[in-house]
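Subject: Structure for your files, with notes

Hello,

The structure we spoke about is below, with the sequence. My notes on it follow.

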Amino acid sequence: MTNTLFIDGRWVPAASGETREIRNPADGELVGVVAEAGAEDTEAAIAAARAAFDGGAWRAVPAPERGDFLLKVADRLRERKAEFARAESLDTGKRLVESEIDMDDIAACFAYFGKLAGLEAGRLVDAGDADVVSRIVYEPIGVCGLITPWNYPLLQAAWKIAPALAAGNAFVLKPSELTPHTAILMMQVLDELGLPAGVANLVLGAGATAGAPLSSHPDVDMVSFTGGLETGKVIAAAAAGTVKKVALELGGKNPNVIFADADFDAAVDNALNGAFVHSGQVCSAGARIIVQDTIAERFVDELVRRAQGIRLGGPFDEAAETGPLISAAHRDKVTAYVEQAVAEGARVRCGGAWGEGELAKGYYYLPTVLDNVRRGMSAVRDEAFGPVVTVETFSDEDEAVATANDTHYGLAGAVWTQDAGRAQRVAGRLRHGTVWINDFHPYLPQAEWGGFGQSGVGRELGPTGLAEYQEAKHVYHNTRPQVTGWFEDRK
Ligand code: TXE
């Protein structure tokens, strides 16, 4: 079926008739064929969203009822979890159990914004005048362009869709062209549950064609993007032309700082999780291990030993602990990244090669540990977005903090120590949007997520994640209007 674009409440093919094959990165098998939208399809979706928003069918629904709708979406996602998880694993190659966790998180995200939707209608402001009622109301922004990546396809979309709908907006979603299927299922759910036509629209296709109008079109009021830094810059520049609001989550080069007094086994184990879960294709991956010099040798030896034992395999291989990279092109990028690191002097302690044998059918890259690296090298500076971790060392707290903050990104970081005072001091000094103490990776729908520096602009999740999709309006009501006499009446 190629009627996979959802525009104005109808399932349609691309206007050009073009399609795209989606293949499982674990084995290259065909997963499905979907419509390949072009700019004209996206423009039709924007027009539908504009008409739906301006017509008011959704924004006029009282906020608590919009919240109830999101709670129903959460329920429906829980009912259809197995089907959604399977679709996500086929598109991404990630382990089924990881996709199942993603689906639980997505339902929790809808439930969180469902509950938040009706809580606050605004606030009163003391104008200092008994005859004035001054209040702030929060209104939807309008038409939102939502552009999402392939690593957590539906999760990233949910972080945008749920608050956008809670706030009363209309949207056009453009998921990654590599991973469209769960977005299709999501639109089915929104449609079945009775969202008015045109409020939610889906276009599938390449970024430069199907995605680009969402950042440049005058009828789009806000663009929210999660993806790579370079694409983020292109989108922000395009959005500047019509001064639309921009929210960006652009990944990170995230430090995992380990002091000598840390719980050694827990720190090693979580360093593996930080770097190699989903083969490192995680915006908050702990790709920079920064370990105190007194334990560095022992720590790296243990990390390498454990990394060499990680079992790779496809999404339905129950023995597999992590899966393939998303595409041949992405594996080539990771390969070139490691080659560049070696050319700059890094030492490959393990990995640095493609999977062989059965794994040769997919885009596997072995868990890779690089040491002998220095600040400033590309391997330490740039995101690999693959199963590659670098090891740097430090001697004291100041050096640990300076090293961890020496990045143009600033998404997330961790500190490992059993000294609670040091943990808090270091957490306070790290210039990153999330700081974990003695843990790695957990996030909560009620806690803001986003980056300092070039990791992005704005926050998702938490109350701020809803505010991103709202305009604040000040309503100033003078209940006793009088002549001011400012200008003399010369009649
Ligand atoms: O992402 P892109 P790519 C990083 C990671 C990775 C790099 C490139 O380092 O190696 O980005 O990955 C759409 N107008 N992250 O090329 O291009 C595109 O179709 C509008 C980090 O796969 O950023 C897709 O839907 N849209 C990241 C989305 O942008 C455009 C997750 C993301 O694709 C567009 C993924 C355009 N001109 C990669 N060009 C994270 N923050 O978690 C592309 N797109």
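Strand β13 (residues 288-292) runs parallel to strand β16 (residues 388-394), and the two are paired over five bridges. Within this pair, Ile 289 sits opposite Val 391 of β16. Please keep in mind that this is a predicted model.

The sheet around β13 and β16

Both strands belong to an open sheet of seven strands with mixed pairing, in the order β14-β15-β16-β13-β12-β17-β18. At the edges are β14 (347-350) and β18 (434-437), each of which pairs on one side only. From one strand to the next, the twist averages 25°.

Two helices that pack on this sheet are worth a look. Helix α11 (residues 293-308) touches β12 (255-258), β13, β14, β15 (368-371) and β16, and its direction makes about 140° with that of β13. Helix α15 (residues 420-429) touches β17 (412-416) and β18, and its direction makes about 165° with that of β18.

Helix α12

Helix α12 covers residues 328-343, and its 16 residues should span 22 Å at 1.5 Å a residue; the end C-alpha atoms are 22 Å apart, which agrees. Its buried residues are His 330, Arg 331, Val 334, Thr 335, Tyr 337, Val 338 and Ala 341. Seen down the helix axis, these fall within an arc of 155°, so they line one face of α12. What do they pack against? The contacts of the buried residues of α12 are with β14, β15, α13 (378-381) and β16. On the other side of α12, the exposed residues are Ala 329, Lys 333, Glu 339 and Ala 343. Just after the helix, Gly 345 has a positive phi of about 115°.

Helix α9

Helix α9 (residues 229-240) can be read in the same way. Its 12 residues should span 16 Å at 1.5 Å a residue, and the end C-alpha atoms are 17 Å apart, which agrees. Leu 229, Gly 232, Ile 235 and Ala 239 are the buried residues of α9. They cover an arc of only 115° around the axis, which puts them on the same side of the helix. These buried residues pack against β7 (143-147), α8 (213-216), β10 (222-226) and β11 (245-249). Glu 230, Val 234 and Ala 237, on the other side of α9, are exposed.

Domains

The chain is divided into domain 1 (5-249 + 461-476) and domain 2 (255-437). Taken over C-alpha atoms, the centres of domain 1 and domain 2 are separated by 31 Å. Domain 1 gives 22 residues to the contact, and domain 2 gives 24 residues.

The β3-β4 hairpin

Strand β3 (residues 19-23) and strand β4 (residues 30-35) pair in the antiparallel sense over five bridges. Ile 22 has Gly 32 in β4 as its bridge partner. The two strands form a hairpin with six residues between them, and Gly 28 in the turn has a positive phi of about 75°.

Single residues

- Ala 15 is in the loop between β2 (10-12) and β3. Its relative accessible area is 54%, and over 50% counts as exposed, so Ala 15 is exposed. Leaving aside residues up to four places away in sequence, Ala 15 touches Glu 40 and Asp 41. Ala 15 and Leu 359 are 344 residues apart along the chain, with 38 Å between their C-alpha atoms.

- Asn 270 lies in helix α10 (residues 264-276). Is Asn 270 buried or exposed? Its relative accessibility is 14%, and the limit for buried is under 20%, so Asn 270 counts as buried. With residues up to four places away in sequence not counted, Asn 270 touches Trp 416, Asp 439 and Phe 440.

- Glu 358 is placed in the loop between β14 and β15. At 60% relative accessibility, Glu 358 counts as exposed. Glu 358 and Asp 396 are 38 residues apart in sequence, and their C-alpha atoms are 45 Å apart in space.

Regards

Notes: Residues numbered from 1 in each chain as written. Predicted model: local features only at pLDDT ≥ 70, side-chain atom pairs only at ≥ 80, totals over all residues. Heavy atoms only, no water. Helix = DSSP H or I, 4+ residues; strand = E, 2+ residues; numbered from the N terminus. Expected span 1.5 Å × (residues − 1). Buried < 20%, exposed > 50% of the residue type's maximum accessible area, 1.4 Å probe, protein only. Arc of directions from axis to C-beta. Contact = heavy atoms within 4.5 Å. Pairing = 2+ DSSP bridges. Axes fitted to C-alpha atoms, helices over the stretch in contact; angles between N-to-C directions. Domains from an automatic or database assignment.
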